[in-house]
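Colleague: Could you walk me through this model before I start planning around it? I'd like to hear about confidence, helix packing and any pocket.

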Amino acid sequence: MQVGLSELLLLSAGLFSIGVYGLLARRHAVALLMSTHLMLAAVIIALVAFARFTYQPAQPLAGQALAVFVIGVALAEVIVGAALVRLLQRQRRSAWVDD
Amino acid sequence: MIRDPAQAAGIYLTGALILAGGVAAVTLRNLYRAGVALALTFVMAAVLSLLLGAPLVGLVQLVGGVAGVGFVLLGSLLSLRRRGVAGTDGDRRPRPLPILLALVTFALLAIGLSGARWAVGSWPPTGGTVAVLAGEIGQRYAVALDALGILLVAALVGAFVFAGRDSSDAGAAPAGHRRSQRPRRRSA
């Protein structure tokens with residue numbers, strides 16, 4: 001049994017596709033945020049996999065560094081998204097995006 | 001290529017749990033359970049990072065993903081619940097178009113990624129991954145780190161501004177309610 005870059009990239013693609021389905025199928029604003037974060041998690045997995053299997057001494061661990069920044073951006077996005085959900089609920093008395 | 005059977009089995013198991021958690025997060029109608037499934041997905045992703053020799057990324061994923069995303073999203077749901085908004089995403093009908101688009105996305109990504117030829121490097125880096133990563137972030141990516149800090153502060157300030165708006169600004173009734181409030185014509 002062995003694991004290579006291709007298997008991890010397939011895992012990342014699968015998780016990204018699951019996030020795409022959630023983003024298109026769900027109607028609740030918080031559920032949309034969750035689906036977006038699944039897609040970001042897939043990107044992070046891909047970046048860590050690239051850092052592991054394509055390590056180059058000239059730019060060591062660039063994938064892991066970028067993964068840390070992606071996590072930070074995801075955190076900022078969820079903070080703003082949660083505030084927007086609350087604003088949406090206040091103005092429309094509903095958290096469904098098609099109301 | 002990772003050839004250690006125990007490590008490979010751990011990666012496969014973790015990957016299966018990640019996919020299962022992702023499916024649960026997008027299909028569960030109860031959004032609280034979906035939020036818990038999402039948090040568990042992040043935990044498994046952090047475990048995967050540890051198995052791939054990225055302990056610092058795994059730790060940041062645990063803190064940022066589970067604590068930050070999990071608590072913020074579940075806190076949003078609880079806040080909505082206090083205001084009488086249901087915590088379920090009610091539509092149970094299967095949606096063929098999103099399923100089709102998700103399958104197309106997966107097929108395109110799988111074909112594109114499997115067809116590419118990646119240069120395989122040498123692992124592990126000397127000095128350990130945490131020390132090397134910390135050095136790289138502090139030196140090569142210092143400006144990006146500062147920009148990320150500013151982004152997070154701006155996001156927090158913006159969230160406070162949005163959340164703390166005067167309740168009179170949010171007093172507009174929904175469109176359906178406005179119809180019932182039109183003045184009725186008096187009969188002669």
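Colleague: OK, what scores does the predictor give the complex?

Modeller: The complex comes with an ipTM of 0.90 and a pTM of 0.82.

Colleague: And what is the mean pLDDT of chain A?

Modeller: Chain A has a mean pLDDT of 86, with 97% of its residues at 70 or more. Within that chain, confidence is highest in H1(A), at a mean of 92, and lowest in H3(A), at 85.

Colleague: What about chain B, and which of its elements has the lowest mean?

Modeller: Chain B averages 77, and 72% of the residues score at least 70. Among its elements, helix H7 (residues 175–180) of chain B has the lowest mean pLDDT, 43, whereas H1(B) has the highest, 91. The pLDDT is below 50 over residues 168–182 of chain B, a stretch that has 8 contacts in the model beyond near neighbours in sequence. Where pLDDT is low, the predicted coordinates should not be read in detail.

Colleague: Switching to packing: how do the axes of H1(A) and H1(B) cross?

Modeller: The axes of helix H1 (residues 5–25) of chain A and helix H1 (residues 5–27) of chain B cross at roughly 5° and come within 9 Å, which means that H1(A) is roughly parallel to H1(B).

Colleague: Which residues make that contact?

Modeller: On H1(A) they include A:Leu8, A:Leu11, A:Gly14, A:Leu15 and A:Ile18, while among those on H1(B) are B:Ile11, B:Gly15, B:Ile18, B:Leu19 and B:Gly22. By class, the contact has 11 nonpolar, 5 polar and 1 charged residues.

Colleague: And inside chain A, are H1(A) and H2(A) roughly parallel or antiparallel?

Modeller: Their axes cross at roughly 170° and come within 7 Å, and the two helices are therefore roughly antiparallel to each other. The contact of H1(A) with H2(A) has 20 nonpolar and 5 polar residues, with no charged ones.

Colleague: Last topic, what volume does the largest pocket have, and what lines it?

Modeller: The largest pocket has a volume of about 270 Å³. It is lined by 14 residues, and the closest to its centre are A:Ile79, A:Ala82, A:Ala83, B:Ser76 and B:Ala163.

Colleague: Which helices supply the lining?

Modeller: Helix H3 (62–92) of chain A, helix H3 (55–82) of chain B and helix H6 (142–163) of chain B each supply at least two residues. By class, the lining has 10 nonpolar, 3 polar and 1 charged residues.

Note on methods:
Residues are numbered from 1 along each chain as its sequence is written. Chains are lettered from A and ligands numbered from 1 in the order in which they are written. This is a predicted model: local features need pLDDT of at least 70, side-chain atom pairs count only at pLDDT 80 or more; totals for chains, interfaces and linings use all residues. Side-chain values use heavy atoms; hydrogens and water are left out. On a 1 Å grid over the protein atoms alone, a cavity is a set of points where a 1.4 Å probe fits but cannot get out, and a pocket is an open set with protein on both sides within 12 Å along at least five of seven lines; lining residues have an atom within 4 Å of a point. Grid points are joined across faces, edges and corners, and a volume is the space filled by probe spheres set on the points. Helices (H or I, at least four residues) and strands (E, at least two) are DSSP runs, numbered from the N terminus. Ala, Val, Leu, Ile, Met, Phe, Trp, Tyr, Cys and Pro count as nonpolar, Asp, Glu, Lys and Arg as charged, and the others, Gly among them, as polar. Axes are lines fitted to C-alpha atoms, for helices over the stretch in contact, and angles run from 0 to 180 degrees between N-to-C directions. Angles under 35 degrees count as roughly parallel, over 145 as roughly antiparallel, 65 to 115 as roughly perpendicular and the rest as oblique. Contact means heavy atoms within 4.5 Å. pLDDT is the predictor's confidence in each residue, from 0 to 100.
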